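This report describes one protein chain.

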Amino acid sequence: IYPYLLVSIGTGVSILRVDGPRKHERISGSTIGGGTYWGLCRLLTGSDSFSDVLDLAMKGDPSKVDMMVGDIYGKNSDALEKIGLPSDIVASSFGKLAAKQNPSEGIKEEDLARALLLMVTNNIGQVAHLNAKLYNISRIYFIGTFLQHNVISQQRLAYSIDYWSKGEKEAQFLEHEGYFGALGAFLLNQGIEHDNQQYKGNSNDVDPKLKKKRSMKRSFMSRACH
């Protein structure tokens, strides 16, 4: 199982490289996380809670807000084949609003909530992928309260890691993802001894102690484009 990246998404984002039991290092992070999303949603929507705004986002259409590659080159343009990008990939988050005389016209709260969620999630996925590439790590575990009941972000992270790495790296998601920080702090303070011997399995082995969700397959990830 080692080494792997652990990406903890709460108010902000912390990225740790884990090389074995108690062999870890915080290597990166981002100020753009769950706190960013919820703070901006409080300004842009009337939602009263994080769970409410996630429900709102499920009904939104981000293509009304985001400028897509197809909006620039055309949906059936020969240029798309030359640049190697599909028409439904985001070119600029919230970019369509910049060109509108009245940016709020025809836009619903759910569209803003969905587009903003994808923008924040894409940023997290990109930072995670670049760190995985820098440290030559293929497995990335995503945890944190931001992911609780957040199917949209889980789909997008799975799709993004697979897309940017051309299938060489994999996003993994854990059950009870919001409690791993508290559980780790609890175990660390119990004085449990480890033999510090690094796990010898290969990088494709699955740790039987982790009850993880299977990674999203391509048929599942393809739905995350929208």
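The buried residues of helix α2 pack against α1 (34-44), α6 (109-134) and α7 (151-164). Helices (H or I, at least four residues) and strands (E, at least two) are DSSP runs, numbered from the N terminus. This is a predicted model, in which local features need pLDDT of at least 70 and side-chain atom pairs count only at pLDDT 80 or more, while totals for chains, interfaces and linings use all residues. Residues are numbered from 1 along each chain as its sequence is written, and side-chain values use heavy atoms, with hydrogens and water left out.

Helix α2 covers residues 50-58, and V53, L54, L56 and A57 are buried in it. Buried means under 20% relative accessible area, exposed over 50%, and partly exposed in between (1.4 Å probe, protein chains only). Seen down the axis of α2, the buried residues fall within an arc of 160°, so they line one face of the helix. The arc is that of the directions from the helix axis to the C-beta atoms.

**Cores**

A nonpolar core is a set of buried Ala, Val, Leu, Ile, Met, Phe, Trp, Tyr and Cys residues joined through side-chain atoms within 4.5 Å. The largest such core has 32 residues, of which V7, I9, Y37, I124, I140, F142 and F146 touch the most other members. At least two residues each come from β1 (4-9), β2 (13-20), α1, α2, α6, β6 (139-143), α7 and β7 (170-174). Helix α6 gives the largest share of this core, nine residues. Apart from this core lies another, of seven residues, including I1, Y2, Y4 and V18.

Leaving out residues up to four places away in sequence, Y37 touches F50, V53, L54, A57, A113, L116, L117, V120 and F146. Contact here means heavy atoms within 4.5 Å.

**Aromatic pairs**

Rings of Phe, Tyr and Trp (its six-membered ring) pair if their centres lie within 6.5 Å; planes under 30 degrees apart count as stacked, over 60 as edge-to-face and the rest as tilted. The count comes to seven aromatic pairs. Two of them are edge-to-face, as tabulated here.

| Pair | Centre to centre | Between the planes |
|---|---|---|
| Y4 and Y141 | 5.0 Å | 75° |
| Y37 and F146 | 6.5 Å | 85° |

Y4 lies in strand β1 and Y141 in strand β6, so their pair ties together parts that are 137 residues apart in sequence. Y4 counts as buried at 14% relative accessibility, and Y141 is buried with a relative accessible area of 2%. Ring pairs also link Y2, Y4 and Y141 into a cluster.

Y37 lies in helix α1 and F146 in the loop between β6 and α7, so this pair ties together parts that are 109 residues apart in sequence. Both Y37 and F146 are buried.

**Chain and confidence**

The protein chain has nine helices and eight strands. Buried residues make up 40% of its 226 residues. Of the contacts in the chain with a separation of 6 or more, 67% are between residues 24 or more positions apart.

The predictor's confidence in each residue is its pLDDT, from 0 to 100. The chain averages a pLDDT of 86, and 85% of the residues score at least 70. Confidence is highest in α6, at a mean of 98, and lowest in helix α9 (residues 218-221), at a mean of 40. Over residues 197-226 the pLDDT stays under 50, and the model has 55 contacts beyond four places in sequence for these residues.
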